[in-house]
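Subject: Handover of a model, with notes

Dear colleague,

I am passing the model on to you below, and my notes on it follow. Please read them beside the coordinates.

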Amino acid sequence: MDLSSEKIQRILCKYKFHDVAVEELQKIHRLYSEMKPSTGTYTFSDSSQKDLLKIIGNIPVKYEGRSYNFPIQLWLMDSFPFTPPICLLRPTPNMVIREGKHVDGRGRIYLPGLHNWDYPKSSVVGLLTEMIAKFEEDPPLSSKTTGESKHPHELLAFVSNLQINDGGISHHDQLINKISVIGGGDLGMASVMSILAKCEVDKLVFIDIADSSTKGGSADLEIFSLPKVEVSRDVSASAGSRVVVVTANAWSNEQSYVGVIQTNVDLYRGIIPNLARLSPNAVMLIASQPVDIMTHVAWRQSGLPPTRVIGAGCNLDSARLSHVLDITLNTHKQAWVIGEFSDNKVTVMSNTGLNSSEQLEIALGSSSTKPLLDRGFEMIRNQGQRSWSIGLSIADITNSILTDKMKVHSVSTLAQGWGGIGAEVFLSLPCIMGANGSTRLAGVSLGQEEDSKLRDSITSLSNLMSQLRI
């Protein structure tokens, strides 16, 4: 590979691992001689720019017995090869990009090898081999067709509006009930089993994250191969989900509370944007801890509307409280636990009976309802938050989304604007859950004690968020 030009040398000399980078470039040239080095200015998502090396060329892809040359370019970061390249399709004017499992609408390429990049185990040569294999399964380019163009061998034109999968060919607009659970361990497994029992699903993908402290369980699912369940270690398998449940938590040796949470934030940074890109119409349901903070982080990182990023929050406590009040205390009204998932929780009750057809609203606090709520909450206080219980709660929320049930759940959601809250914080609030996500019930004036608890939570959550690198 000719790296002798002045432009290439001027940029290459700034690379942190110059000698290793040159060695890797020569390896690429030996196996893919058509790939040529060049230079350019790359614009990042935050609009910052950097002069970098890039490799441009074609990779050979076989499909339906024919060979095609797919044009690509690989931008090499200045820490290459210890960081993966940014890989893009480079379609010619007569080609269109087919957005799919491994390519977005702008032509950016996403592969397991990129997500799990670990030099020296990982290399561009290995990446190109993987890219060819994935593109042969699901070609990301097709020809632009016109009314007059009927040539049967036009480049992949016959698949331009179809999606190819293991079950045959289906149209992109076909809606399936696909759920993805991200993160193994007890909670991930409990969520999988509960969703299978509670919900009508066409497919459930269980993704075990390697860097998560909650990993495990995927091997058993693979051994016993449950119907409709796919086990994967690649987040790209979540593409096209209607609900994405995230239970992953990161390993941490940090001593401070902020440091422990930061490891979770760092883990999320590697998975949440990809999950949102792969399933842009999904509702993201967060169960990682601390749930209010991690739901806030997921919303920031995903770019999704706040109505479609929620946390499991106080839904389990709310269901328990309503059950106790109905069965034991004969109130026959729905109640919710709201606020921060901490000792500052607050209880509220609905204004209508459980079987009423009237629109649900939060009842104003009164001297008659407070003793009932306090007694009910005391009865559930020590029941604990076991994995199976949280899994059942997650399944109930998921079912409301899949069936567009419009049931009210107390989930962690953006609280800004509710009941006069001005800060950008996530708290559990009663929300109507349906296919399009969450809609908060109207805020009400709370009692002095309850309002004080919410204000304390808002202050502590805001302070904590300000210390995190999102």
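Does R98 count as buried or exposed? R98 counts as buried, at 8% relative accessibility, where buried means under 20% relative accessible area, exposed over 50% and partly exposed in between, computed with a 1.4 Å probe on protein chains only.

Please keep in mind that this is a predicted model, in which local features need pLDDT of at least 70 and side-chain atom pairs count only at pLDDT 80 or more, while totals for chains, interfaces and linings use all residues. Residues are numbered from 1 along each chain as its sequence is written, and side-chain values use heavy atoms, with hydrogens and water left out.

Salt bridges

A search of the whole structure gives 14 salt bridges, a salt bridge being a side-chain nitrogen of Lys or Arg within 4 Å of a carboxyl oxygen of Asp or Glu. One of them joins K16 to D78, with 3.1 Å between the closest N and O atoms. K16 lies in the loop between helix 1 (6-12) and helix 2 (18-31), and D78 in the loop between strand 3 (66-76) and strand 4 (86-89), so this pair ties together parts that are 62 residues apart in sequence; helices (H or I, at least four residues) and strands (E, at least two) are DSSP runs, numbered from the N terminus. K16 is exposed at 53% relative accessibility, whereas D78 is buried, with a relative accessible area of 15%.

The buried R98 described above meets D138 in a salt bridge of 3.5 Å, N to O. That pair links distant parts of the chain, with R98 in the loop between strand 5 (95-97) and helix 3 (112-115) and D138 in the loop between helix 4 (124-137) and strand 6 (141-143), 40 residues apart. D138 is partly exposed, its relative accessible area being 22%.

A further salt bridge is formed by D104 and R106, whose closest N and O atoms are 3.4 Å apart; D104 is buried at 5% relative accessibility, and R106 is exposed at 68%. Salt bridges that share partners also join K16, K50 and D78 into one network.

Helix packing

Helix 5 (residues 185-198) packs against helix 11 (residues 387-402) at an angle of about 45°, with the axes 8 Å apart; axes are lines fitted to C-alpha atoms, for helices over the stretch in contact, and angles run from 0 to 180 degrees between N-to-C directions. That makes helix 5 oblique to helix 11, given that angles under 35 degrees count as roughly parallel, over 145 as roughly antiparallel, 65 to 115 as roughly perpendicular and the rest as oblique. The residues in contact (heavy atoms within 4.5 Å) include L187, A190 and S194 of helix 5 and W388, I394 and T398 of helix 11. The residues of this contact divide into nine nonpolar, six polar and three charged, where Ala, Val, Leu, Ile, Met, Phe, Trp, Tyr, Cys and Pro count as nonpolar, Asp, Glu, Lys and Arg as charged, and the others, Gly among them, as polar.

The axes of helix 8 (residues 291-302) and helix 12 (residues 448-466) come within 11 Å and cross at roughly 50°, and helix 8 and helix 12 are therefore oblique to each other. From helix 8 the contact draws on D292, I293, H296, V297 and R300, and from helix 12 on L461, L464 and M465; these residues divide into five nonpolar, one polar and two charged.

A buried strand residue

L285, in strand 13 (residues 283-286), is buried at 0% relative accessibility. Among the residues that L285 touches, not counting those up to four places away in sequence, are V244, I310, I394 and T398. L285 and T398 are 113 residues apart in sequence and 8.2 Å apart in space, C-alpha to C-alpha.

Backbone points to check

Most residues other than glycine have a negative phi, and most peptide bonds are trans. The peptide bond from F80 to P81 is cis, with omega near 5°, and P81 is in the loop between strand 3 and strand 4. Q289 and P290 are also joined by a cis peptide bond, with omega about -10°, and P290 is in the loop between strand 13 and helix 8. K228, which is not a glycine, has a positive phi of about 70° and lies in the loop between helix 6 (218-224) and strand 11 (229-232). M406, likewise not a glycine, has a positive phi of about 55°; M406 is in the loop between helix 11 and strand 17 (407-414) and is partly exposed at 47% relative accessibility.
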